[in-house]
Amino acid sequence: MQQRRASHTGGDHWPSVRHVVATPNIAPLEFSRALSELHAMQWRPGLVVEEIGSPQRIAPHSIALSAEFFQDDDALGNGRLILLHDPAGNDSWGGTFRIVSYARADVDLDMVADPMLPDVAWSWMSDALEQHAATHHHLAGTVTASYGKAFGDMEGTENRAEVELRSSWTPQLGDDDPLVGHLRAWQDLLGMVCGSPVLPQGIFPFPGRTQ
C-alpha cells in the first residue's frame, strides 16, 4: 500500500492509502472493517504513508504502516503504526485489538537537555487520542531524547539530537468507535513530533529542528 504524491507541496489533500492487504489468514469481520477504514483514510499534506511487512507471530492478523513527514521536500521525521488483531482476545491487551506506534524526529541540540521534553511529548499522544474521541485503554509507552556527537574519523560530522516516542494502546473499536479516530490521532502525533502540527487554539507547537 502506498500513498503517492506529485510533489510534496502541491495539492490540497492526498489520496487515500491504496492496496490494503491483510495477512494470509482469512480476516474476520472486525479486522476487515478496520482495513476498510484504513483504506479510506485521507492523510494530511506532507505525510507519505505506505504498507510494510507486519509481525506474523504476535497476532493472527496484522497490518503495518510506515510514514515519512515532508515539508518543502525536506524529511522532518518518520513513524510506524501496527494494527494487531486476535479474535480470541489477549489478556495483556485487555481486548482483541492492539495498536503499536512509533514516531521520531530530529530536534535542536538544546532541546534534549530540557527535563520537561518527555512529559510534553507524552502528553501529545494522550491529547491526540482524546481530541479525536479515540476510545482506548491500556495506554503505555516511552519517550527517549538522545544526543550523538561524532569522534575520530567521523569528527566533523554534524552532531544530531532526536526525540523518539514509542507507544501502544488497546482501541475500543465498534460501530460507534471507528478506527479512523486512532489513525487521525497518530497522524497528529507525527505532526507534533516533527514540529508541524495542526493545532487547536491554545496549543503550542514543538520547536523541532531549526535550519
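Colleague: Why is H61 called buried in this predicted model?

Modeller: H61 has a relative accessibility of 5%, and since buried means under 20%, H61 counts as buried. This residue has its place in strand β2.

Colleague: What does L83 touch, and how do you know that these are contacts?

Modeller: Contact requires heavy atoms within 4.5 Å, and, leaving aside residues up to four places away in sequence, L83 touches F31, A34, H61, S62, I63, F97, R98, I99 and L179. Two of these residues, H61 and F97, are 36 residues apart in sequence, and their C-alpha atoms lie 9.5 Å apart in space.

Colleague: What makes the largest nonpolar core a core, and which residues have the most contacts inside it?

Modeller: The term asks for buried residues of the nonpolar kinds joined through side-chain atoms within 4.5 Å, and the largest such set here has 42 residues, with W43 and L83 having the most contacts inside it. At least two residues of this core come from each of α1, β1 (47-52), β2, β3, β4, α2 (117-131), β6 (160-171) and α3, and α3 gives the most, with seven residues. In soluble globular proteins, nonpolar side chains tend to be buried together.

Colleague: How do you know that α1 has the span expected of a helix of its number of residues?

Modeller: Helix α1, residues 29-40, has twelve residues, and from its first C-alpha to its last it reaches 17 Å, which is close to the 16 Å expected at 1.5 Å a residue.

Colleague: What puts the buried residues of α1 on the same side?

Modeller: The buried residues of α1 are F31, A34, L35, E37 and L38. They cover an arc of only 160 degrees around the axis, and therefore they lie on the same side of α1. The face turned away from that buried side carries L29 and A40, which are exposed, a word that requires over 50% relative accessible area. On the buried side, the residues of α1 pack against β2 (61-71), β3 (74-90), β4 (95-106) and α3 (180-193).

Colleague: Why are β1 and β5 said to stand at the edges of the sheet?

Modeller: The sheet is open and has six strands, in the order β1-β2-β3-β4-β6-β5, with antiparallel pairing. Each of β1 and β5 (136-148) has a single partner strand, so one side of each is left without a neighbour in the sheet. Neighbouring strands are turned by 15 degrees against each other on average, with direction ignored.

Colleague: What makes you call β6 mostly covered?

Modeller: Nine of the twelve residues of β6 are buried, and on that count the strand is mostly covered.

Definitions and conventions:
Residues are numbered from 1 along each chain as its sequence is written. This is a predicted model: local features need pLDDT of at least 70, side-chain atom pairs count only at pLDDT 80 or more; totals for chains, interfaces and linings use all residues. Side-chain values use heavy atoms; hydrogens and water are left out. Helices (H or I, at least four residues) and strands (E, at least two) are DSSP runs, numbered from the N terminus. The expected span of a helix is 1.5 Å times one less than its number of residues. Buried means under 20% relative accessible area, exposed over 50%, partly exposed in between (1.4 Å probe, protein chains only). The arc is that of the directions from the helix axis to the C-beta atoms. Two strands pair if DSSP finds at least two bridges between them. Axes are lines fitted to C-alpha atoms, for helices over the stretch in contact, and angles run from 0 to 180 degrees between N-to-C directions.
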